[in-house]
Amino acid sequence: MTEARGVIVGVGLLYFVAIAGIGLWATHRTRTVDDFYLAGRGAGGGIGLMALTLAALSATLSGFAFIGGPGLVYSVGLGALFIVLPASLTHALSGWVLAPQLRAMADTHRVVTIPEALGVRFASRAVRGGAATSLLIAVIGYMATNVLALGLAIDVLFGVGRTPAIWIGALVVLAYAAGGGIIAGIYTDVLQGLWTALASVLVFLRVLEVGQGLGTMSRTIAAADPEFLEPWGHLDPLAALSFFFVFSVGVLGQPHVLHKFYMLRDPRQLRWYPLLMSGALILGTLLFFGVGIAVKALVVDGSMAPLVSADDATPRFVLEQTPVWLAALVFSGVVAAIMSTMNSFVNVGAAALTHDLPQVLGRDPSTQLTPGRVATVAITLVAALVAQASSSLVAFLGIFGWGLFASTFVAPLAIGLNWPGASRAGALASIGVGLGGTLLLETAAWAGWLTLPQGVTVSALTLVLSIVVFLVASKLRPERARATPPRPPDDLTRPSARRRP
Amino acid sequence: MRRTALALLLISALMMLVAFAAAFAAASVGAATPRWASALMAAATGLCLAAFMGVALGERARDVRIAAVLAFVGLGVGGALMALLSVPPVTGPDDALWGGLPLGAALVVYGIGLLPMLIVPVVYAWTFEHVAPPSQERR
């Protein structure tokens with residue numbers, strides 16, 4: 001066991017050294033605000049398709065894909081898969097609905113952030129301010145959850161105790177995120193994306209070997225718990241369907257992923273983005289599916305003792321059923337997944353704080369790097385302090401992060417950037433419903449004042465409400481003259497438009 | 001075309017609200033969520049995804065390849081989600097397996113999880129120049 005621990009710690013240290021090297025290199029390359037937030041942005045700077053894909057993969061896959069997800073499969077059965085099932089659809093969806101529109105805005109309006117794109121589209125500082133505020137609240141929630149998860153993972157790796165581990169994790173992320181900004185983020189994401197995908201595939205192959213194939217595992221589980229293998233598992237069908245809805249449509253409102261479209265060097269490469277991203281995401285989620293099934297089968301046939309906590313599924317499987325080098329790869333992969341997600345969040349949060357909110361308040365955004373770096377440090381420190389405060393508070397904050405992004409950003413972005421009839425009133429109303437509804441309902445549910453029926457989640461409910469409110473308010477209060485659609489896609493993409501000299 | 005997509009988007013969102021309202025109503029009397037509410041949610045989810053695509057694509061959705069994809073997402077995915085509600089329950093280890101999984105699980109993993117990847121992103125790439133030419137070309 002001591003030898004195994006040595007290998008795991010060694011691989012973890014090797015990983016941190018690689019991250020530090022990338023951070024130093026990126027800090028040297030980061031000279032402007034565009035470098036810090038957009039990797040130099042678009043043509044002339046920016047990033048290529050593979051970097052975009054791996055960075056988006058890393059930002060999408062948090063520690064949940066490695067720890068919480070397999071645990072959820074183990075405890076509720078196949079219904080948990082409805083969280084990852086939309087992966088094969090969502091990137092073509094975002095490719096059609098948002099990628100070319102946002103990439104075009106980066107060229108034509110020099111936008112830096114997603115709230116800024118909304119501000120330009122609706123010619124409204126209020127829309128931009130509401131979006132930036134929602135983003136900051138969600139980022140703090142997400143960051144706190146991820147700092148805590150990183151602390152737990154580092155504690156498992158190095159055995160330093162939970163509180164020191166939280167601060168070590170926060171400082172490691174700060175070391176490259178504050179210096180190298182999004183350039184450091186993107187290129188560490190490339191390493192982290194490759195690492196997590198490789199770990200996921202190798203663990204899945206090991207799952208098939210240990211479980212003697214999917215068929216054997218299915219028969220073992222079916223003998224003891226047939227409902228586990230039914231389409232919804234132990235979940236109410238409405239709950240699984242709500243997962244599918246929120247995690248498919250919700251992708252259209254995740255600013256930490258969407259703002260990477262601004263950075264793509266050649267927008268023609270978007271052609272292959274959905275195919276590459278869907279494939280990469282499916283590889284990245286093999287562990288989510290495989291470990292959950294395998295641990296259930298191993299526990300049913302007595303090869304593994306029942307889990308004390310569902311979140312132990314992955315750690316127990318890799319420590320008990322895989323070679324030590326693969327366990328080391330997986331533990332470092334967990335750390336990689338969490339760190340890359342944190343870096344993406346802290347960067348968009350810092351941009352909202354130093355770029356959006358000053359402009360909303362009538363001030364010029366800073367053209368210096370220092371405020372961005374200070375904001376990065378501040379957000380990370382606040383998140384680390386929150387992570388230490390209360391684990392139930394952290395769980396609560398993590399739950400509403402995704403829902404808040406979805407309910408405040410999906411309608412104004414996905415409908416607003418495509419429908420000329422979308423209005424400022426619609427955007428403001430939907431952001432208000434998304435922000436207010438999510439905070440009120442999540443708080444009421446957390447405090448026990450509201451009991452939601454099985455299958456109904458706050459994120460699904462507020463997302464649907466925000467879409468309805470956006471459409472209805474836009475119809476009732478058109479205000480078309482005040483809105484300035486950035487580059488209406490129809491005008492841009494009609495063949496006749498392309499024939500113009 | 002975009003107007004139709006917007007109408008479908010609103011309809012699908014209202015269908016979901018009805019499904020959630022049914023869940024609240026059932027819970028208030030201590031009953032389980034009715035099956036029709038789940039079926040409504042399944043149909044609305046497929047419709048909603050296709051409607052979002054239709055809002056973005058507008059008249060370009062008249063391209064037969066894209067229209068086929070929208071139909072696949074709206075009717076195929078929505079229909080498959082609805083079909084899951086009617087799959088016979090797993091009875092034990094002797095049930096027939098499809099790719100190592102019972103019928104319902106196979107439909108989830110291979111039909112809803114993997115099959116769309118062979119269709120939707122491929123059609124996206126195939127129709128890319130028709131649908132979303134890059135900004136340099138546009139200028």
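With 15 C-beta neighbours inside 10 Å, Ala123(A) counts as partly exposed, a class lying between buried (20 or more other C-beta atoms within 10 Å of the residue's own) and exposed (12 or fewer), with C-beta atoms placed from the backbone. The model is predicted, and local features need pLDDT of at least 70, side-chain atom pairs count only at pLDDT 80 or more, and totals for chains, interfaces and linings use all residues. Residues are numbered from 1 along each chain as its sequence is written, and chains are lettered from A and ligands numbered from 1 in the order in which they are written.

Ala123(A) is not a glycine, yet has a positive phi of about 45 degrees. Its place is the loop between α8 (114-122) and α9 (125-158) of chain A; helices are DSSP runs of H or I of at least four residues, numbered from the N terminus. Gln212(A), likewise not a glycine, has a positive phi of about 55 degrees. Gln212(A) is placed in the loop between α10 (162-210) and α11 (214-224) of chain A, and counts as exposed, with 12 C-beta neighbours inside 10 Å. Most residues other than glycine have a negative phi.

To the contact, chain B contributes 68 residues and chain A 62 residues, two residues being in contact if their C-beta atoms, placed from the backbone, lie within 7 Å. On the side of chain B that touches chain A, α4(B) gives the most, with 15 residues. That side comprises 52 nonpolar, 10 polar and six charged residues, where Ala, Val, Leu, Ile, Met, Phe, Trp, Tyr, Cys and Pro count as nonpolar, Asp, Glu, Lys and Arg as charged, and the others, Gly among them, as polar.

How values were computed: Helix = DSSP H or I, 4+ residues; strand = E, 2+ residues; numbered from the N terminus.
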